[in-house]
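I opened the notebook to record what I looked up in this structure, going from surface to helix packing to charged pairs.

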Amino acid sequence: MTNLLLLGFLPSGSEWIIIALVILLLFGGKKIPELMRGLGKGVKSFKDGVNEAKEEINKAKYELDKPVDPSKN
């Protein structure tokens with residue numbers, strides 16, 4: 001039920017066009033590519049961070065799951 005309520009607040013097709021026009025008016029045509037480039041770099045950096053965290057978690061899991069050699073004690 002909650003999902004249906006949230007869907008009611010999402011913009012439809014014509015509202016997206018109005019939002020795009022407002023953004024174009026606020027930032028101008030020359031600034032939008034710079035903004036998108038910055039957004040793309042931010043998303044890439046976030047993905048790199050997530051992948052790095054996953055690698056560290058998997059490495060720690062491997063270290064914990066590694067069998068213990070009793071002859072080293």
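The entries below follow the order in which I looked things up.

Entry 1, the model. I note at the outset that this is a predicted model, and I read everything below with that in mind.

I looked for a nonpolar patch and found one of about 1100 Å², made by Trp16, Ile18, Ile19, Val22, Ile23, Leu26, Phe27, Leu35, Met36, Leu39 and Val43. I then asked which helices supply at least two residues of the patch each, and these are α2, spanning 13-27, and α3, spanning 31-65. The helix that gives the most is α2, with 7 residues. As one member to check, I took isoleucine 19, which lies in α2; its relative accessibility is 36%, so isoleucine 19 counts as partly exposed.

I looked up the packing of α2 against α3 and found an angle of about 110°, with the axes 9 Å apart. Angles of 65 to 115 degrees count as roughly perpendicular, and therefore α2 is roughly perpendicular to α3. On the α2 side the contact is made by Ile23, Leu24 and Phe27, and on the α3 side by Lys31, Ile32 and Leu35. I noted that Ile23, Phe27 and Leu35 are also listed in the nonpolar patch.

Glutamate 34 pairs with lysine 31, their closest N and O atoms being 3.8 Å apart. Both residues lie in α3, 3 residues apart, about one turn of the helix. With a relative accessibility of 46%, glutamate 34 counts as partly exposed, and lysine 31, at 45%, is likewise partly exposed. Lysine 31 also belongs to the contact with α2.

Aspartate 48 pairs with lysine 44, and here the closest N and O atoms are 3.3 Å apart. Because these two residues are 4 residues apart in α3, they are separated by about one helical turn.

Glutamate 63 pairs with lysine 66, with the closest N and O atoms 3.4 Å apart. I recorded glutamate 63 as partly exposed, with a relative accessible area of 42%, and lysine 66 as partly exposed at 39% relative accessibility.

Conventions:
Residues numbered from 1 in each chain as written. Predicted model: local features only at pLDDT ≥ 70, side-chain atom pairs only at ≥ 80, totals over all residues. Heavy atoms only, no water. Patch = residues over 30% accessible without salt bridge, like charges linked within 9 Å, V, L, I, M, F, W, Y side chains within 5 Å. Areas by Shrake-Rupley, 256 points an atom, 1.4 Å probe, with all protein chains shown as cover. Salt bridge = Lys/Arg side-chain N within 4 Å of Asp/Glu carboxyl O. Buried < 20%, exposed > 50% of the residue type's maximum accessible area, 1.4 Å probe, protein only. Axes fitted to C-alpha atoms, helices over the stretch in contact; angles between N-to-C directions. Parallel < 35°, antiparallel > 145°, perpendicular 65-115°, else oblique. Contact = heavy atoms within 4.5 Å.
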